[in-house]
Amino acid sequence: MKLFMLGIDFHTAALEIREKFSVTAKKMGVVARRIKENAPNINGCVLLSTCNRTEIYISASCDMHIKKILLDVMEVPYDAYADYFTVKQDKDVIRHLMEVACGLQSLVLGEDQIIAQVKAALAYAHEEEACDGILQTVFRTAITAAKKVKTNVKLSNRDMSVPYQAVDVLKKEIKSLADCKALVIGNGEMGKRAAALLAQQCQETAVTIREYKKGTVFVPEGCNAIPYSERYAYIETCDLVVSATTSPHYTITKEELQKLNKVPRYFVDLSVPRDVEPSVAALGATVLNIDDLGTSHVDTAALDMAADILAQYEKKFYDWYAYRENLRLSI
């Protein structure tokens with residue numbers, strides 16, 4: 001068994017570097033297939049791309065220079081970016097993926113969304129026939145272990161979501177949100193959660209919807225809905241804006257904001273790649289991104305309980321692999 005993980009995350013690279021390697025959900029399976037096809041010794045590949053990280057997991061028949069494989073597929077110069085990536089092998093890959101799936105490697109420690117993202121990454125790779133049996137079992141074991149941890153270990157007494165952390169940071173920055181008017185750009189899971197939380201705190205909260213999706217989207221209770229195309233007109237009346245989309249382009253630009261009579265005091269960007277053009281800060285606004293959210297405190301006892309569960313599932317995987325190898329050798 002030869003397992004490799006090549007990753008870039010918030011530990012090794014700032015946001016402006018990580019976003020160069022961000023891959024949308026629709027393309028994760030396609031890129032995994034391209035990586036597999038790029039080297040004859042790769043048996044399987046899964047690509048995971050979230051706000052915190054982009055990682056490739058490879059099952060191979062021999063040792064290989066996986067940094068070069070990824071950077072070649074991404075069409076970026078090796079010498080410029082290779083040092084930002086971490087490589088793990090074999091047993092370290094299995095434990096790392098389990099910790100990732102549990103949220104123990106996330107900026108917001110124990111975050112809730114990561115299990116679904118790991119599960120989706122496996123599904124995308126499977127759809128593109130990029131994943132082999134070993135990686136499928138590694139990922140399914142990690143997902144099951146993460147669910148067990150989530151069910152049995154209380155990592156924190158707080159909401160462990162990125163939107164909650166973002167609203168918490170805003171409360172510290174602004175002191176009181178009660179008099180604020182807010183706009184949330186994006187109606188995905190992150191956007192809806194942020195809008196629901198802000199609706200409980202702010203005087204008025206609105207969320208954007210795409211015109212072609214009117215009548216088919218869920219708008220959180222207490223929020224108004226406005227067309228995405230009218231966002232700048234609404235922004236002019238706001239105190240703060242949160243953007244959480246999967247757009248490959250900026251949803252907020254300095255050029256458009258300069259046309260307004262009033263610019264909001266705060267912008268919170270929960271997307272990678274970024275939704276809010278960084279130069280917006282030159283207009284006197286505070287621009288916060290995913291790396292500004294900080295982390296939550298998790299007590300040592302909870303971490304020890306989580307580690308025990310992960311060890312149990314690591315053993316389950318090794319037992320499965322030993323049985324598989326014995327069966328293969330006996331044929």
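This is a predicted model: local features need pLDDT of at least 70, side-chain atom pairs count only at pLDDT 80 or more; totals for chains, interfaces and linings use all residues.
Local features were considered at pLDDT of at least 70 and side-chain atom pairs only at pLDDT 80 or more, whereas totals for chains, interfaces and linings use all residues. Residues are numbered from 1 along each chain as its sequence is written, and side-chain values rest on heavy atoms, with hydrogens and water left out.

Rings of Phe, Tyr and Trp (its six-membered ring) were paired if their centres lie within 6.5 Å, with planes under 30 degrees apart counted as stacked, over 60 as edge-to-face and the rest as tilted; by this rule there are eight aromatic pairs. One of them, Phe21 with Phe85, is edge-to-face, at 5.0 Å centre to centre and 90 degrees between the planes. This pair links distant parts of the chain, 64 residues apart, since Phe21 lies in the loop between α1 (15-18) and α2 (25-38) and Phe85 in the loop between α4 (78-81) and β4 (86-89); helices (H or I, at least four residues) and strands (E, at least two) are DSSP runs, numbered from the N terminus. Phe21 counts as buried at 1% relative accessibility, as does Phe85 at 5%, where buried means under 20% relative accessible area, exposed over 50% and partly exposed in between (1.4 Å probe, protein chains only). Phe21, Tyr81, Tyr84 and Phe85 form one aromatic cluster.

Phe317 and Tyr321 both lie in helix α12 (residues 300-330), four residues apart, about one turn of the helix, and both are buried. Their ring centres are 6.4 Å apart and their planes at 20 degrees, so the pair is stacked.
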